[in-house]
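This briefing is meant to be read with the sequence and the coordinates side by side.

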Amino acid sequence: FESIMPATRYEVRLPLDQRVKHLMTEYKHMVDNPDTLKALLNRLTAHQGHARIEEWHARIDSQDITGLVKELLAQHYDPANARSIKSRLSKYQPGYQTIKISSLDTDTLLRELPAEMYLPASEQTQTVSAAEKVLWFHETADTGFNSEDKAQTSRHERRNKQDTDSRKSAPTSAPMEGG
C-alpha cells in the first residue's frame, strides 16, 4: 500500500443526479429489497443516531429511494470520505487532482477524463484511434451505464462466446450403430 501512495490520485466529481443514478443502478439489489436495505442502514446507527435511521427507514417505506440516496451521500458518505481524505492528504504527495465529469457514459468519460487515467502508459503517447480507446475502456472499466450498447462487451463475455462458438463448430463423433 505504501508503495502506491506517491502516485497521482484523482478525485472525480460527478453531478449529484448522476451519482444517484449510478448508485441506484449499481445497488439495484438493495433498492429492490427494502428489508435488506433497512438492515444495512441499521448498522449506521452509532454514526448517524436512531432518529436519522428512522427517517431513512421512512423514506424506504414511502419508496423515496432517490431522496434516501441523496441523504446518504450528503449526510454520511461524503462527510466520511472528506474526513478520510483530509487525514491522509498531508501524509502523501502528490495530492489529489480534481476532475469534474458530467456523466458516466463512455463518450463523456473518454472526452472528459485524462488519458493517463484509462490508457496504459505505452498508449498515452501513441496515436490511438477513438475506436481503440472505446474498446480498451470497455475492456477495463464497467460503469454500468453502457449496458444497452450490445456492440461493447467485456473481454470475459467475448471469451465465453468464443468458447461456445468453438464447441459448436468442433467435430463431434457420430453415434455408434448397433448394439
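A polar contact is a pair of N or O atoms within 3.5 Å, where, within protein, one atom must be able to donate a hydrogen and the other to accept it. In this predicted model, such a contact of 2.8 Å joins the side chains of Ser 103 and Asp 105.

- Ser 103 lies in the loop that runs between strand 2 (96–100) and helix 7 (106–112).
- Ser 103 counts as buried because its relative accessibility is 13%, and buried means under 20%.
- Besides its contact with Asp 105, the side chain of Ser 103 makes a polar contact of 3.4 Å with the side chain of Gln 18.
- When neighbours within four places in sequence are left aside, Ser 103 is in contact with Leu 14, Gln 18, Thr 108 and Leu 109.

**Helix 6**
- Helix 6, which spans residues 65–89, bends by about 40° at Leu 73, and Leu 73 is itself among the buried residues of this helix.
- The other buried residues of helix 6 include Ile 65, Gly 67, Leu 68 and Val 69, and the cover over the buried residues includes helix 1 (16–26), helix 2 (28–31), helix 3 (34–42) and helix 5 (50–61).

**Confidence**
- The chain has a mean pLDDT of 74, with 60% of its residues at 70 or more.
- Among the elements of the chain, helix 5 has the highest mean pLDDT (97) and helix 10 (residues 155–169) the lowest (46).
- Over residues 143–164 pLDDT stays under 50, although the model has 23 contacts beyond four places in sequence for them.
- Where pLDDT is low, the predicted coordinates should not be read in detail.

Conventions
Residues numbered from 1 in each chain as written. Predicted model: local features only at pLDDT ≥ 70, side-chain atom pairs only at ≥ 80, totals over all residues. Heavy atoms only, no water. Bend = angle between axes of the 7 residues up to and from the residue. Helix = DSSP H or I, 4+ residues; strand = E, 2+ residues; numbered from the N terminus. Buried < 20%, exposed > 50% of the residue type's maximum accessible area, 1.4 Å probe, protein only. Contact = heavy atoms within 4.5 Å. pLDDT = per-residue confidence, 0-100.
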